[in-house]
Amino acid sequence: MIFNKDTAKKTAEVLLQINAIKLQPNDPFTWASGWKSPIYCDNRIVLSYPQIRNYIRETIAKNIEELYGKPDVIAGVATGAIGIGALVAEYLNLPFVYVRPEAKKHGRQNQIEGYIEKGQTVVVVEDLISTGMSSLNAVKALNEAEVHVKGMVAIFSYGFDIATKNFSDANVELHTLGNYENLLEQAVETFYITKEQQDVLAQWNANPSKWNAN
């Protein structure tokens with residue numbers, strides 16, 4: 001669920017502006033999963049642009065307060081959301097931890113890095129939602145640490161049906177600044193893509209694993 005249309009529009013605008021999101025329906029990317037994709041998203045680029053970084057940080061922080069009040073801790077999902085998660089925690093003057101995909105094989109063998117106590121409330125910050133599995137894996141680790149995850153806030157979601165199902169099945173509340181539908185609207189409005197390309201991009205989103213570029 002996006003916070004609101006204006007936020008989604010502004011988020012799409014800034015991510016396209018700095019090429020954090022690239023749309024190439026005629027020259028698709030290949031994801032690690034093997035899927036052909038007309039879109040590539042790397043929100044870590046946000047960290048290199050102070051004005052946009054501050055917009056993302058403050059918008060996430062203010063919406064966390066509106067949705068959940070102030071949690072005890074902000075948690076970022078490694079590795080993509082460590083930077084923005086730490087900035088959000090700093091803005092809210094809250095402790096920060098981050099969650100690895102799995103526990104380290106050496107040292108203290110932590111999966112959660114940083115200090116957190118049983119019973120504390122946590123909001124998870126994520127940079128990007130695709131299927132949601134890696135994000136929910138972080139929630140699982142936090143649950144096993146016996147903290148209360150109030151919800152998750154992400155910069156952008158591809159809006160896949162499977163992600164909606166995965167979050168619903170896990171009973172985790174997800175809010176995002178922007179999503180795929182609003183991204184395409186903004187891209188057409190600013191002539192980044194044509195209406196015909198928008199149709200191709202929408203077809204991919206409806207069935208990404210089976211989509212093939214023309």
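Predicted model: local features only at pLDDT ≥ 70, side-chain atom pairs only at ≥ 80, totals over all residues.
**Entry 1: Ser-130**

I began with Ser-130, which is partly exposed, because its relative accessible area is 28%. Residues are numbered from 1 along each chain as its sequence is written, and side-chain values use heavy atoms, with hydrogens and water left out.

Where does Ser-130 lie? I found Ser-130 in the loop between strand 8 (121–129) and helix 4 (133–144). Helices (H or I, at least four residues) and strands (E, at least two) are DSSP runs, numbered from the N terminus. Not counting residues up to four places away in sequence, Ser-130 touches Tyr-158, Phe-160 and Ala-163; contact means heavy atoms within 4.5 Å. I also looked at the UniProt record, an unreviewed entry, which places the feature "binding site" at Ser-130. UniProt positions are given in the numbering used here, feature names are shortened, and annotations may be inferred rather than shown by experiment.

**Entry 2: the whole protein**

I stepped back and noted seven helices and 10 strands. The radius of gyration is 17 Å, close to the 17 Å that the globule rule gives for 214 residues, so the protein is as compact as a globular protein of that length. That radius is taken over C-alpha atoms, and the globule rule is 2.2 Å times the number of residues to the power 0.38. Along its principal axes, the C-alpha trace spans about 50 × 35 × 30 Å.

I then read off that 50% of the 214 residues count as buried. The protein exposes about 10700 Å², and carbon and sulfur atoms supply 47% of that area. Among contacts between residues at least 6 apart in sequence, 64% join residues at least 24 apart.

**Entry 3: helix 1**

Does the span of helix 1 agree or disagree with its number of residues? It agrees: at 1.5 Å a residue, the 13 residues of helix 1 (residues 5–17) should span 18 Å, and the end C-alpha atoms are 18 Å apart. The expected span is 1.5 Å times one less than the number of residues.

At the start of helix 1, I saw a side-chain oxygen of Asn-4 reach to within 3.1 Å of the backbone nitrogen of Asp-6. After the helix comes Asn-19, whose phi is positive, near 60°.

I listed the buried residues of helix 1 as Thr-7, Ala-8, Thr-11, Ala-12, Val-14, Leu-15 and Leu-16. They pack against strand 1 (21–23), helix 2 (50–68), strand 9 (148–157), strand 10 (174–179) and helix 6. Gln-17 is also in helix 1, but Gln-17 is exposed, with a relative accessible area of 56%.

**Entry 4: Leu-183**

Next I followed helix 6 (residues 180–189), where Leu-183 has its place. Is Leu-183 buried or exposed? Leu-183 counts as buried, because its relative accessibility is 0%. Leaving aside neighbours within four places in sequence, Leu-183 is in contact with Ala-12, Leu-16, Ile-21, Leu-23, Ile-39 and Phe-156. Leu-183 and Leu-15 are 168 residues apart along the chain, yet their C-alpha atoms are separated by 9.1 Å.

**Entry 5: Gln-198**

I moved on to helix 7 (residues 195–206), which holds Gln-198. At 15% relative accessibility, Gln-198 counts as buried. Beyond its neighbours within four places in sequence, Gln-198 is in contact with Leu-184, Glu-185, Val-188 and Ile-193.

A rule to keep in mind: most residues other than glycine have a negative phi, and most peptide bonds are trans. Asn-171 is not a glycine, although its phi is positive at about 55°. I found Asn-171 in the loop between helix 5 (161–170) and strand 10, and Asn-171 is exposed at 72% relative accessible area. From Gln-17 to Asn-171 I read 34 Å in space, C-alpha to C-alpha, and 154 residues in sequence.

Phe-191 is not a glycine either, and its positive phi is about 65°. Phe-191 sits in the loop between helix 6 and helix 7 and counts as exposed at 75% relative accessibility.

Which peptide bond is cis? I noted the one from Ala-78 to Thr-79, with omega near -5°. Thr-79 lies in the loop between strand 5 (73–77) and helix 3 (82–92).

Note on methods. Buried < 20%, exposed > 50% of the residue type's maximum accessible area, 1.4 Å probe, protein only. Polar contact = N/O pair within 3.5 Å; in protein donor to acceptor, adjacent residues only side chain to side chain. Areas by Shrake-Rupley, 256 points an atom, 1.4 Å probe, with all protein chains shown as cover.
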